[in-house]
Amino acid sequence: MPDFDPKDLENLQPEDLDKILHELEVLTVRTPWDYVPHAKQEEFHKSNKYIRAMLGGNRSGKTEGGCLEAWWHSSGDYPEWYPKDHRFMGPTRGRIIVSDYKLGGSVIDEKIKKWWPKERIDVKYFMGHIERITVKHKTGGNSRIDLLTHEQADALFEGWSGHWAWFDEPPPREKYIATK
């Protein structure tokens, strides 16, 4: 790599700086195809159980793993190694449940912005928080994901029919039973 002198930046035109910034942004963009699970995440993803849990401390990759599972199920873009018998072949209806909108919802929003291709999603916000996400499925249809919180009334969880649910934090029993 050639030597870099910070004074060289002073001689660049604004459009040259814009090009450099764009190239740096391209280098930092992640897509679901860049995801490489660590051992515990891979064990979770490949489990043949109907109900699965990923346990670990803060920043151990639980939300990251959940975010990618939600993407795969709603987009149909599964990695080659993902078990074929756990794949959904068409658009799905999913549910993401977080502890609260302020913290849990913002963490999910951050992960979605990090991993999911923005040209394939339409995120609806209510009062600054994710309410619903529509994902373009690879078959041409649309998947729907609703975001709910532990703070909401139990009745909002009742009567739901969907393909998958992701609890980002352990839920209250009533909300778990209603979703299941």
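I began with a definition: a residue counts as buried under 20% relative accessible area, as exposed over 50%, and as partly exposed in between, with a 1.4 Å probe and protein chains only. The model is predicted, so I noted that local features need pLDDT of at least 70, side-chain atom pairs count only at pLDDT 80 or more, and totals for chains, interfaces and linings use all residues. I also noted that residues are numbered from 1 along each chain as its sequence is written, and that side-chain values use heavy atoms, with hydrogens and water left out.

**Entry 1. Salt bridges**

I took a salt bridge to be a side-chain nitrogen of Lys or Arg within 4 Å of a carboxyl oxygen of Asp or Glu. Side chains of opposite charge can pair when their charged atoms come close. By this rule I found twelve salt bridges. For the elements below, I used DSSP runs numbered from the N terminus: helices are H or I with at least four residues, and strands are E with at least two.

I looked up Asp 109, which pairs with Lys 113, the closest N and O atoms being 3.4 Å apart. The two residues are four apart in helix H4 (residues 101-115), and so they are separated by about one helical turn. Asp 109 is buried at 14% relative accessibility, whereas Lys 113 is exposed at 60%.

I then turned to helix H2 (residues 39-46), where Lys 46 and Glu 42 are also four residues apart, about one helical turn. Their closest N and O atoms are 2.6 Å apart in a salt bridge. Lys 46 is partly exposed, with a relative accessible area of 39%, and Glu 42 is partly exposed at 29%.

Arg 144 is partly exposed at 30%, while Asp 146 is buried at 9%. Salt bridges with shared partners join Arg 93, Arg 132, Arg 144 and Asp 146 into one network.

**Entry 2. The nonpolar core**

I defined a nonpolar core as a set of buried Ala, Val, Leu, Ile, Met, Phe, Trp, Tyr and Cys residues joined through side-chain atoms within 4.5 Å. The largest such core has 22 residues, and those with the most contacts inside it are Ile 96, Ile 112, Trp 116 and Ile 133. Two or more residues each come from helix H3 (62-75), strand S1 (93-98), H4, strand S3 (129-136), strand S4 (142-149) and strand S5 (164-167). H3 gives the largest share, five residues.

Apart from neighbours within four places in sequence, Ile 112 is in contact with Cys 67, Ile 121, Ile 130 and Ile 133.

**Entry 3. Thr 92**

I located Thr 92 in the loop between H3 and S1. Thr 92 is buried, at 3% relative accessibility. Beyond four places in sequence, Thr 92 touches His 73, Ser 74, Ser 143, Arg 144, His 163 and Trp 164. The side chains of Thr 92 and Trp 164 make a polar contact at 3.1 Å. Such a contact is a pair of N or O atoms within 3.5 Å; within protein, one must be able to donate a hydrogen and the other to accept it, and residues adjacent in sequence count only if both atoms are side-chain atoms.

Methods:
Contact means heavy atoms within 4.5 Å.
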